[in-house]
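Good morning. Please have the sequence and the model open.

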Amino acid sequence: MAKPAASLNNIVVCRRCDAVLSKPKIEPGQKATCPGCSALLYELKKNPMERTMAVSLAGLLLFFPAILLPMIGVSAAGTHNEASLIDCIIILLNTDYHIVAFIVFLFTIAIPIVHLLAAFYIAVAVHFNKISQSLLVFFRSYHVLDSWTMLHVFFLGVVVSIYKIVDLAELTVGGGLMSFVLLLICSTLVSVTLDHHYVWEKMEQALED
């Protein structure tokens with residue numbers, strides 16, 4: 001039974017033209033393309049686990065200033081108000097917008113921090129070869145989180161709000177907004193640096209041994 005599994009590991013299917021091909025051997029930093037339609041088959045990124053660990057750790061360190069520090073200050077009619085992301089959620093709760101508060105919390109705090117923690121855990125486990133059957137299930141679940149992080153949607157809402165009130169009041173940008181932008185960049189980079197093909201390959205090798 002081991003022989004067919006080993007042969008399947010050397011086969012790759014083109015997503016564009018469905019051609020079944022022998023898996024070409026490439027070096028880190030190179031891409032394999034389909035000889036029939038030139039579509040990308042897969043690529044090997046350079047130092048994917050080390051980069052993912054660094055970017056996800058930076059994102060985790062930025063997370064708390066991003067949600068706790070004031071994002072925007074508004075001055076008008078002799079008064080000045082500042083609000084952080086946490087303040088926004090509390091205000092929504094106090095004004096009985098419980099569902100909206102829950103959605104904001106879920107997509108801007110809960111899922112992004114779990115996404116970063118999961119990426120860091122996967123990168124550490126693969127880098128130090130601590131691969132188990134449970135990591136395989138965990139990595140499958142990570143793909144779901146990858147598509148539910150909505151930091152960019154919240155940031156777009158902040159930008160639209162700034163545009164609408166910039167002529168009505170004096171605005172100041174707080175450390176929370178700067179941290180949030182950097183967090184958004186880290187969250188995006190994690191999806192870029194984490195090499196799924198490399199992780200699957202390492203898991204297959206470890207679980208077959």
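Two strands pair if DSSP finds at least two bridges between them. Strands (E, at least two residues) and helices (H or I, at least four) are DSSP runs, numbered from the N terminus. This is a predicted model, where local features need pLDDT of at least 70, side-chain atom pairs count only at pLDDT 80 or more, and totals for chains, interfaces and linings use all residues. Residues are numbered from 1 along each chain as its sequence is written, and side-chain values use heavy atoms, with hydrogens and water left out.

The sheet, then. Three strands make an open, antiparallel sheet, ordered S6-S5-S7. At the edges are S6 (79-83) and S7 (170-173), each pairing on one side only. Strand S5, residues 72-76, is joined to S6 by five bridges. In one of them, isoleucine 72 has alanine 83 of S6 as its partner.

Now the rings. Rings of Phe, Tyr and Trp (its six-membered ring) pair if their centres lie within 6.5 Å; planes under 30 degrees apart are stacked, over 60 edge-to-face, the rest tilted. The whole structure has five aromatic pairs. Among them is phenylalanine 63 with phenylalanine 64, edge-to-face, at 6.4 Å between centres and 75 degrees between planes.

Phenylalanine 139 and tryptophan 200 are also edge-to-face, because their planes are at 65 degrees, with centres 4.9 Å apart. This pair links distant parts of the chain, 61 residues apart: phenylalanine 139 lies in helix H5 (residues 133-146) and tryptophan 200 in helix H8 (residues 196-208). Together with Tyr142, Phe139 and Trp200 form one aromatic cluster.
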